[in-house]
Structure formats: C-alpha cells, structure tokens
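Please keep the sequence and the structure in view while reading.

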Amino acid sequence: MARGTKRLWTNEERRSICFQTTAPGVSVAQMARRYAVNANLIFKWLRDARYAPDPVAVPFSSEEARFLPVEIVAETRSALTAPATENHIEIDLAGGHRMRISGSYDPEALARLIRGLSA
C-alpha cells in the first residue's frame, strides 16, 4: 500500500482482527503488525460494541488467571493455635498477611495465586 492512502476495513475484517486479539498469548501489537495497522486503531475498535469480541465466543484457557473467592476477616490472636483440620490450609505471607483456605480447592490455582502474591 502506498503511503498516504487510507485503508478502509470492512466491519467483518474489524471483527475478525478484534477476535484474534483474544487468543492466548496474542497481543494487540502483534495483530497491528500483522495487518499493518496502528495498534491504537485496534484498541478503538475493541471499545466499539460492533467489533468487540463476544465474551461467550472467546475460548477460556485453564492456564489463564481466574478469580478465587476470598474472605477478609479480622484476625484474632489466640495463645494456642489449633491444629489444622482436614481441607483447611493457613499460609502466612510476607507483610504479616495470612491466607486461610477451607473446603475444596484447586491445588494448581492455589499455587499460581501464591506465586503471584509472593512475586
């Protein structure tokens, strides 16, 4: 394409480019280079409801970050700490914070959370 000419993208092309940005490990900058378009233009398209990818159509990868239920409670200091019961974990973090997990949990998700908090 010659410099100074304006590329006109169809709505379907815009939707396709925006959808491709949702693939794991793909960035908007990569798509911009692939299609020789400014990344800011793709960000503009992503904000537009006509071109933004449908969240239902975007595949969810188990390796992606997930929200875990967290409850913040006031800490009570007791003279003796009771031994942990089955399915209960208590982790002391840096800065005096303590994380308590009870019930069933995904060990891999918990390990990623702890790595993220300790980084």
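Two residues are said to be in contact when they have heavy atoms within 4.5 Å of each other. The structure discussed here is a predicted model.

**Overall arrangement**

The chain has four helices and two strands. Read from the N terminus, these elements follow the order α-α-α-β-β-α. Of the 119 residues in the chain, 13% are buried. Among contacts with a separation of 6 or more, 39% are between residues 24 or more positions apart.

**The contact of α2 with α3**

Two packed helices are described by the angle between their axes and the distance between the axes. For helix α2 (residues 28-35) and helix α3 (residues 39-47), the angle is about 115° and the axes are 8 Å apart. The crossing in which α2 passes α3 is right-handed. On the side of α2, the residues taking part are V28, M31 and A32, and on the side of α3 they are A39, I42, F43 and L46. Seven of the residues in this contact are nonpolar, while none is polar and none is charged.

**The largest nonpolar core**

Which residues make up the largest nonpolar core? There are ten in all: W9, I17, C18, V28, M31, A32, V37, I42, W45 and Y51. The elements giving two or more residues to this core are α1 (11-20), α2 and α3. The largest share, three residues, comes from α2.

T21 lies in the loop between α1 and α2. Is T21 buried or exposed? Its relative accessible area is 14%, and because buried means under 20%, T21 counts as buried.

| Residue | Residues in contact |
|---|---|
| C18 | I42, W45, L46, Y51 and P53 |
| T21 | V26, V28, M31, I42 and L46 |
| I114 | I91 and M99 |

Strand β1 (residues 88-92) and β2 run antiparallel and are joined by five bridges. Within this pairing, H88 stands opposite S102 in β2, and I89 stands opposite I101 in β2. The hairpin of β1 and β2 has five residues between the strands, and G95 takes a positive phi near 80° there.

How do the residues of strand β2 (residues 98-102) divide between a covered face and an uncovered one? M99 and I101 form the covered face, whereas R98, R100 and S102 form the uncovered one.

I114 is placed in helix α4 (residues 107-118). Its relative accessibility is 26%, so I114 counts as partly exposed. I114 touches I91 and M99, when residues up to four places away in sequence are not counted. M99 and I114 are 15 residues apart in sequence, and their C-alpha atoms are 9.5 Å apart in space.

Terms used. Residues are numbered from 1 along each chain as its sequence is written. This is a predicted model: local features need pLDDT of at least 70, side-chain atom pairs count only at pLDDT 80 or more; totals for chains, interfaces and linings use all residues. Side-chain values use heavy atoms; hydrogens and water are left out. Axes are lines fitted to C-alpha atoms, for helices over the stretch in contact, and angles run from 0 to 180 degrees between N-to-C directions. A crossing is left-handed if the near helix is turned anticlockwise from the far one by less than a right angle, and right-handed if clockwise. Ala, Val, Leu, Ile, Met, Phe, Trp, Tyr, Cys and Pro count as nonpolar, Asp, Glu, Lys and Arg as charged, and the others, Gly among them, as polar. Buried means under 20% relative accessible area, exposed over 50%, partly exposed in between (1.4 Å probe, protein chains only). Two strands pair if DSSP finds at least two bridges between them. A nonpolar core is a set of buried Ala, Val, Leu, Ile, Met, Phe, Trp, Tyr and Cys residues joined through side-chain atoms within 4.5 Å.
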